[in-house]
Structure formats: C-alpha cells, structure tokens
Amino acid sequence: MSTLTESPAWQALVSHKQAIHPLDLRAEFRSDPGRVERFSIEAAGIFLDYSKNLITNETLKGLLALATQQQLEVWRQRMFEGEVINTTEQRAVLHTALRNRSDQPVYYAGQDVMPDIRAVLARMKSFCHAVHSHEWRGYTGQPIDTIVSIGIGGSYLGPKMAHSALKPFTVPGIGTYFVSNVDADDLQDVLQNCNPETTLFVIASKTFTTQETMLNADAAKAWFLASSCDQKHLAKHFVAVSANREGAVAYGIDNACVFEFWDWVGGRYSLWSAIGLPLALSIGMSHFEQLLEGAYAMDQHFMNTPLADNMPVILALLGVWYHNFCGASSHVVLPYNQHLQFLPEYLQQQDMESNGKSIDRDGHTVDYTTGPVIWGSLGSNAQHAYYQLIHQGTQLIPSDLILAIPSESEHSEQQVALAANFIAQSEALMRGKNIDEVRREMEPDIDEALVPHKVFAGNRPSNTLLLDTLNPKTLGALIALYEHKVFVQGVIWNINSFDQWGVELGKQLGKTILKTLTDTSNSHHSHDSSTKALILRLMNKK
C-alpha cells in the first residue's frame, strides 16, 4: 500500500464508507430539513447545491481531513505564488496571473509577470479595435469579416467552447470558425464560407511546430496565396499566437502580428492568454476582460474561502469520494443551455489530460485510481439517450447538472420547460421510484411482470449548478471553478496535474509512420505485424 492509502485520513474514509452504506437520500432529506442549506454554496454568480450526494456531515469532515492531510492549502499557496509545481517540466503554473485583475504583482523567478501580461492584453485590445473599427483591412482594402482560428488541443477547445457559450455577445458582422482536425475536410468546410480578401487567420501554437496546426496553416496559406498571389499580403491576413516568436516570423508572419504567451501557460489553461485572441475578436475585448474578471472572482473565492465553504474544494472532494471510495469510474457533465454544448468536451481535456496519471509526484506507481472518465452532452438531449444508463444502469455515475437562469425576456414556454426538466432530473436521480410507487401508479390494472422494469433505485448522486445568467463573467467563473477542482484532486492524489507526457508517444510514432507513408524507400521493419499491415494497406490504396 502507498503512503496515501495507508494514511489515517484515507483509512478513516474507508471505514466511514462501510459504516454508512447504504445511504438512503430520501430518508436523509426527511430527517434533516436543513440539509440543502448546509450542503450548498454560492460564489461568483454560481450557486451549487450538493445536497443530493451520498454524504453526511461525517463524510465531509473526513474528506476535509484528507485535504488537510495532503496539504491542500500549502499547494494552493505555492501555485498562486508562482513556485515551480510542475516539476517534470520545471515550470510554474500561473494561468491565474493571466486573469489577475488587481494591482498586485505576481512573481516568477523573481520577476513580476504582470507588466508583460498587461502589455499583451493591451496589444490584443488595440488589435481588436483596429479590426472592429475597420482600420485594419485586407489586402484589397476590404474590412475583415471572418476569423479562422487554427489550433489543436487547448489552443482550440477553450476558445471554441467560450465562443459558443457567448454567442449572444458576438460583434455584429464578424463570423468566427475554429479548425483543428488535420483531416483536410475540416479546413475545406470552413474555407467554403470564406473570402480571402476579408478573412483573418489566427495560427495558435505554443511552439509553432505542432504538426496538425502547421499542416492546416500551410493549407490555409496556400489557399490564400492562390488568390492574393503575393507573400507580402500575408501580413494583413495571418497573425500568430505563440511562445515561439522567431518561429512565427520565420513562417512568414509579420513580427508585429505575433501575440506572445509564456511557457508557464499550459495549453488547457491558456484561454486567458493571447490564445483567447479569436474569442476577443469575436465578442470584443471588453467582454473578454469580463471573462477574466469572472475567473478572477472565482480565484479569489478559491484562495480565500475556508475549505469547508469552498466551491472548487467541495466539488473536488465529492469526486474523490465517488472515485476512490464508492467505485465510480466516470463523471458526467450535463449542461442544459444550448450555448454550453461544448463544455463537456472542453472539460474532458481539462480533467483527463491533467489527472489521467498513474505515477505520483515522487515517481512511484499509484495503488489507487486517479482521473475519472469525463463525458457528457446537452442534458435535454441526453434525457432521450443515455440517461437510461444513469437512472437504471448498473454503474454509479455522479453527475453535474448545469443551468443558467433565463432572464425575464427569455421566459418563453421552451425555457420554462427546460428549467422544469433540469430540476426534475436532479430530483429523479435522487429519489428514484420504489416498487410500491410503481404499483400505485398502475392501479387498478397492475401488470406484475412490468413492475420491476419501472422501478428506479434512486440514490444516484448529482450536483446542481445554477448560473445567475450566462454571460462572460459567469462563464469565466465556471471555467475557473473546474480548473481549481482538477487542481485540488491532483493534490489529493499526489500527482502533477500540469504535464501531459502521455500524449507524446503517439506523436513520436506518428512522425515515424508519416515518413514511411510519404517515402516508399523508408523501411518500417521495426513495426509490429499489425502496424506493418495497416501501413501497407494504406500505401497500396494511394
């Protein structure tokens, strides 16, 4: 056993789980009228009701003891103060500095990083104003009306998710597209909607060497030059977001059109940096700054609120409870707002790339599970798809149900029905339907053969998150909430949440196989028989 699983706090939770199993949530609500008040938190425009979880007061005490034992408050302080907590890459983790809205300095390696951050934000603001005011025009003098962001991973998912979430805030006359798939169809489908005279490409790559991104950038450049016929016109239509200014300039992008970020910004935490430029161009810099303000508000809550009343901490500890002590291997995210359709996909990367680790910070193989599978989709659609599995399946699947409260002007019949379904599902997951209730519903013609099929076990845990509204501030707070949740769980599991070595092997082998596919004289004898057969089959189809 490891130090963690042998620790007093861990062993106490193992014993506690045995003592309270099975827990009847209906009975808990009947015996405790104050349960929802005690198990709910409000912060930064978000209300969290976590009363429908398989927990008691003692459960929370035990989980908080585990957090304290794992020195969560120390690690939290270390992150915010710019210490090198990403030890495998020898980097600080300072995405929170990108949205620091105070006048306080943030130090890394003895230097205040805030002047550089503010300088890039100022450049983004100036550039957005130039595009929106039509001071910045294409090579034929036409104003820019289309933004195409080319990236992959964090440089793609974050801006794409936020752009969808904030569609009501988009600048009139600007269309925005996001391209990531190296499959040529992805880019071609976008370019069909573009005019080279009025399109601005944002190439987002930290290293400016990412294979998928650069292949798409090359294809976009070729498409553009086929119309403009002159390299000098690239300066008006291609900008770069990268930590590699020299590489971007060598590619042909004007030095003044390179927006920098830093090696202490991880890809999946980079939305707040210049990686957010396509989003700022789409919604306007003032709204982008409001996104930062919302995230900063959640940062302040996370940093300064006692653990027992701390929203990211509570969400994280509940996840640990189910994953490590209740046997849940996955967690489903169910937004009930159409504009949040890409949130589950974004959180998949955020969580699984961060905590999908089997080696702890000390280089030892863990003997406990980390990194649950994160999945989900729009809740209203899911009700007619996989909710069946969540309600009556054999697996315990904790869920997050998310809804932004509609404004008075949005209180249409559809919105009311959406809200009713949202609330009903959280209640149904908790209470279920027992055999007596099924029989009463079927009276007077009870079909005993059908009765067991209509029973719902209930006791399916869920968190209910209500946003005051869906705007840049609340979206920023929501994203930061999940970022900090992931960080807390990484601390509990003693793993580094900020590297991603697991993505490297496939990239390395991909480069080797690419050489074989493009050069028939290249030997591929070192591959296994299956890989050889696949290569040969593809080569014979060319």
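Helices (H or I, at least four residues) and strands (E, at least two) are DSSP runs, numbered from the N terminus. The model is predicted: local features need pLDDT of at least 70, side-chain atom pairs count only at pLDDT 80 or more, and totals for chains, interfaces and linings use all residues. Residues are numbered from 1 along each chain as its sequence is written, and side-chain values use heavy atoms, with hydrogens and water left out.

View A. T464 lies in β13, which spans residues 462-467. Its relative accessible area is 9%, so T464 is buried (buried means under 20% relative accessible area, exposed over 50%, partly exposed in between; 1.4 Å probe, protein chains only). Neighbours within four places in sequence aside, T464 is in contact with F47, L48, D49, L401, F422 and S426, where contact means heavy atoms within 4.5 Å.

View B. Strand β1 (residues 40-43) pairs with strand β2 (residues 46-49) in the antiparallel sense over 4 bridges; two strands pair if DSSP finds at least two bridges between them. The bridge partner of I41 in β2 is L48. A hairpin is formed by β1 and β2, with 2 residues between them, and A44 in the turn has a positive phi of about 50 degrees. β2 is also joined to β13 by 4 bridges, and these strands run antiparallel. Here I46 has L467 of β13 as its bridge partner.

**View C. Packing of helix α5 on helix α15.** α5 (residues 57-69) and α15 (residues 311-325) pack at an angle of about 100 degrees, with their axes 10 Å apart. Axes are lines fitted to C-alpha atoms, for helices over the stretch in contact, and angles run from 0 to 180 degrees between N-to-C directions. The angle makes α5 roughly perpendicular to α15 (under 35 degrees counts as roughly parallel, over 145 as roughly antiparallel, 65 to 115 as roughly perpendicular and the rest as oblique). From α5, T59, L60, L63, L64, L66 and A67 meet I314, L317, V320 and W321 of α15.

View D. N216 is part of α11, residues 211-228. N216 counts as buried, at 3% relative accessibility. Apart from neighbours within four places in sequence, N216 is in contact with I150, V179, S180, N181, V182 and L187.

**View E. C257 and its closest cysteine sulfur.** The structure holds 0 disulfides, a disulfide being a pair of cysteine sulfur atoms within 2.5 Å. The closest cysteine sulfur to that of C257 is in C128, 13 Å away, which is too far for a bond. C257 counts as buried, at 5% relative accessibility.
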